[in-house]
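I opened this notebook to keep track of what I looked up. The entries follow the order in which I checked things.

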Amino acid sequence: MYTLLSGLYKYMFQKDEYCILILGLDNAGKTTFLEQSKTRFHKNYKGMSLSKITTTVGLNIGTVDVGKARLMFWDLGGQEELQSLWDKYYAECHGVIYVIDSTDEERLSESKRAFEKMVTSEALDGVPILVLANKQDVETCLSIPDIKTAFSDCTSKIGRRDCLTQACSALTG
Ligand code: G3D
């Protein structure tokens with residue numbers, strides 16, 4: 001009887017867990033995005049002030065429940081020397097959020113190279129990708145078409161997986 005009831009309880013209330021990696025160069029706004037998401041999806045979450053967030057060195061983790069899904073976010077440091085650690089997390093991952101700083105034209109090609117390396121990794125084959133063109137609150141930022149043009153070499157490497165590019169401002173939500 002206990003087994004039956006606990007099975008029923010699990011069936012009704014247990015959430016499916018998904019691991020989502022948040023990748024992108026340092027300063028792209030990954031941690032700000034994670035904190036903004038936690039603030040929006042957790043009723044009582046009182047995180048750090050978004051304007052006090054500094055660049056990720058290492059790893060930030062956050063969990064957000066959306067309906068019957070529990071999303072576990074892993075925000076990895078984006079500095080060049082930390083990018084070599086990204087692939088250690090690929091095997092566990094169900095989706096990638098790739099954050100681009102739309103105000104940093106100078107580092108756009110660096111971001112494209114990191115994206116290209118990530119997208120061609122065998123361990124991520126078929127894993128859906130959400131590309132966030134962040135910092136769209138800044139008037140002089142690059143638009144989505146500008147960013148798509150800069151990343152156009154990568155299109156064929158994305159393959160048939162789901163991939164969506166979305167403008168956003170992690171800071172303002
Ligand atoms: P990272 O985790 O990718 O390294 P952070 O990036 O989240 O630490 O953000 C880096 C800087 O970008 C922070 O500013 C942060 O406030 C800013 N930022 C993040 N998202 C946005 C956004 O949507 N719009 C604007 N205008 N700024 C954003 P500082 O000044 O602390 O370095």
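This is a predicted model: local features need pLDDT of at least 70, side-chain atom pairs count only at pLDDT 80 or more; totals for chains, interfaces and linings use all residues.

Entry 1: Cys-141 is in no disulfide either, since the nearest cysteine sulfur, in Cys-168, is 11 Å away. My count of disulfides is zero. I also looked up burial: Cys-93 has a relative accessible area of 7% and is buried. Cys-141, at 17%, is buried as well.

**Entry 2: the sheet.** I then traced the strands. Six of them form an open sheet, ordered β2-β3-β1-β4-β5-β6, with mixed pairing. The edges are β2 and β6 (163-167), each of which pairs on one side only. From one strand to the next the twist averages 20 degrees. Leu-130 has Leu-164 in β6 as its bridge partner.

**Entry 3: helices on the sheet.** I found α4 packed on the sheet, where it touches β1, β4 and β5. The direction of α4 makes about 170 degrees with that of β4.

Next I took helix α2, residues 30-41. This helix has 12 residues and spans 16 Å from first C-alpha to last, close to the 16 Å expected. Is α2 mostly covered or mostly open? It is mostly covered, with nine of its 12 residues buried. Among the buried ones I listed Lys-30, Phe-33, Leu-34, Glu-35 and Lys-38. The cover over them includes β1 (16-23), β2 (59-66), β3 (69-76), β4 (95-101) and β5 (129-134).

**Entry 4: nonpolar cores.** Which residues have the most contacts inside the largest nonpolar core? They are Leu-23, Val-96, Tyr-98, Phe-115, Met-118, Ile-129 and Phe-151, in a core of 26 residues. Elements giving two or more residues to this core are β1, β4, α4 (108-119), β5 and α5 (144-150). The largest share, five residues, is from α4. I looked up the surroundings of Val-96: leaving out residues up to four places away in sequence, Val-96 touches Leu-21, Leu-23, Met-118, Leu-124, Val-127, Pro-128, Ile-129 and Leu-130. Another core lies apart from the largest one and has 14 residues, among them Phe-33, Leu-71, Phe-73 and Ile-97.

Conventions
Residues are numbered from 1 along each chain as its sequence is written. Side-chain values use heavy atoms; hydrogens and water are left out. A disulfide is a pair of cysteine sulfur atoms within 2.5 Å. Buried means under 20% relative accessible area, exposed over 50%, partly exposed in between (1.4 Å probe, protein chains only). Helices (H or I, at least four residues) and strands (E, at least two) are DSSP runs, numbered from the N terminus. The expected span of a helix is 1.5 Å times one less than its number of residues. Contact means heavy atoms within 4.5 Å. A nonpolar core is a set of buried Ala, Val, Leu, Ile, Met, Phe, Trp, Tyr and Cys residues joined through side-chain atoms within 4.5 Å. Two strands pair if DSSP finds at least two bridges between them. Axes are lines fitted to C-alpha atoms, for helices over the stretch in contact, and angles run from 0 to 180 degrees between N-to-C directions.
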